[in-house]
Amino acid sequence: MFQDYYSENWYQATDKFIKNAQGRGVLRWCVVSGHEYDIPYLTIGNGENLVVINSGVHGIEGYFGSAAQNMFLDKMADNLPTKLLDEYKIVLVHVINGWGMQNRMREVMDKTHGGLVDLNRNFGVDFDNKSALPQNPKYDLAHDLLLSRPDKIKKKNQIKEFRQKHLRDGVWSAISYGQYKHPYGLFYGGMAPMTENKMALSIYDNLMCGAKSLTSIGLHTGLGRFNRKRAYVSSHLLVSHPKQHENTRYFSDMLRGTEIVSDELAVNGPTLLGDLVDCLEARYATPKLPVYTADFEIGTGEFPIMSPIYKRMDMGDARYDLINHGKINPQTWANLTESWYPSDVRWRAGALERAHILFKEMFEELTKKAQR
Ligand SMILES: [Zn+2]
């Protein structure tokens, strides 16, 4: 049953991953002393071209990524052609943000500097030079409203108006680009590289020794639609380059059943600040070593227009609760969880179906490449 792939907490998810990994490849661990959440990763095959599927960068997105990896191991890993595994090494990195999963937070808590750090805004940033940290003044315009006192009707309408007003001047979209100014603001990138960031990059560094190419996909939820009436779950592959870019073409040539979302604004550099996919590219890509990166996104937004409003509002409400009451109100928490990781069984099943399509197409195409 597909439900068996999902878990209730990090410990259970990790246990399932280890059991499913048995006999299917080489299991390694990234461990940091004093850090509770070790990161297991499994390598299958011996090729010099690396294909990495990572999960759990954002804790609030729940156990979809973990479930997709468990499904892959259980249903698909035993049938991978030898030719594919001679050319490629497939790696599953299980749950980068264990603390976030266990505590149902998108972010990680920075115990040294304070604040909630979004790991996907924390990668590849030069934190040594504090005066040169990336700026996002457009975010500032929304900060106070997003973190204002929770009020379902009034606050929702205010955010709705704000969105209406700032849909075309780039302010609304800039909210999620990342910022390094408000430790309890949304999409905060932090003051220093987080432990999870260092662990993830040490795994990649290790794997990249002697590699000839890297294809890396992160498993996420939250972008796109979940149509409850039709029980339809959308899937997107989010790339951080315009349509004509080599990275975008690599994935669109490979995938038919997954919609590719390109970023037309990312002409002179990445739109998102401190995200993993751009960091990997900057870290490893050379003219001789191609790096292709993307995030796979499962849709959760029931109402296409209201969904981003509710999501931003829930994130802001959770911060208001934390700052003013020391803990998140159960209702805020339920809203936050539901909007990123729906409990609906049809969503859970649909999400895994979409992941199955992605893996199937990807490994079929890579097998063709390996046979050439
Ligand atoms: Zn995410």
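Guide: Contact, or touching, means heavy atoms within 4.5 Å. The model is predicted: local features need pLDDT of at least 70, side-chain atom pairs count only at pLDDT 80 or more, and totals for chains, interfaces and linings use all residues. Residues are numbered from 1 along each chain as its sequence is written, and side-chain values use heavy atoms, leaving out hydrogens and water.

The residue is T332, part of helix α12 (residues 330-340); helices are DSSP runs of H or I, at least four residues, numbered from the N terminus. T332 has a relative accessible area of 8%, so it is buried (under 20%, with a 1.4 Å probe and protein chains only). Leaving aside residues up to four places away in sequence, T332 touches D314, D317, A318 and D321. With D321, the side chain of T332 also makes a polar contact of 3.0 Å (N or O atoms within 3.5 Å, one able to donate a hydrogen and the other to accept it).

Now the helices. α2 (residues 64-76) packs with α13 (residues 345-371) at about 55 degrees, their axes 10 Å apart; axes are lines fitted to C-alpha atoms over the stretch in contact, and angles run from 0 to 180 degrees between N-to-C directions. From α2, F64, A67, A68, M71, F72 and M76 meet residues of α13, including W347, H356 and K360.

Helix α8 (residues 195-208) and helix α10 (residues 276-284) pack at about 40 degrees, with axes 12 Å apart. That makes α8 oblique to α10. L201, Y204, D205 and M208 of α8 meet L276, C279, L280, R283 and Y284 of α10.

Technical notes:
Helix = DSSP H or I, 4+ residues; strand = E, 2+ residues; numbered from the N terminus. Parallel < 35°, antiparallel > 145°, perpendicular 65-115°, else oblique. Buried < 20%, exposed > 50% of the residue type's maximum accessible area, 1.4 Å probe, protein only.
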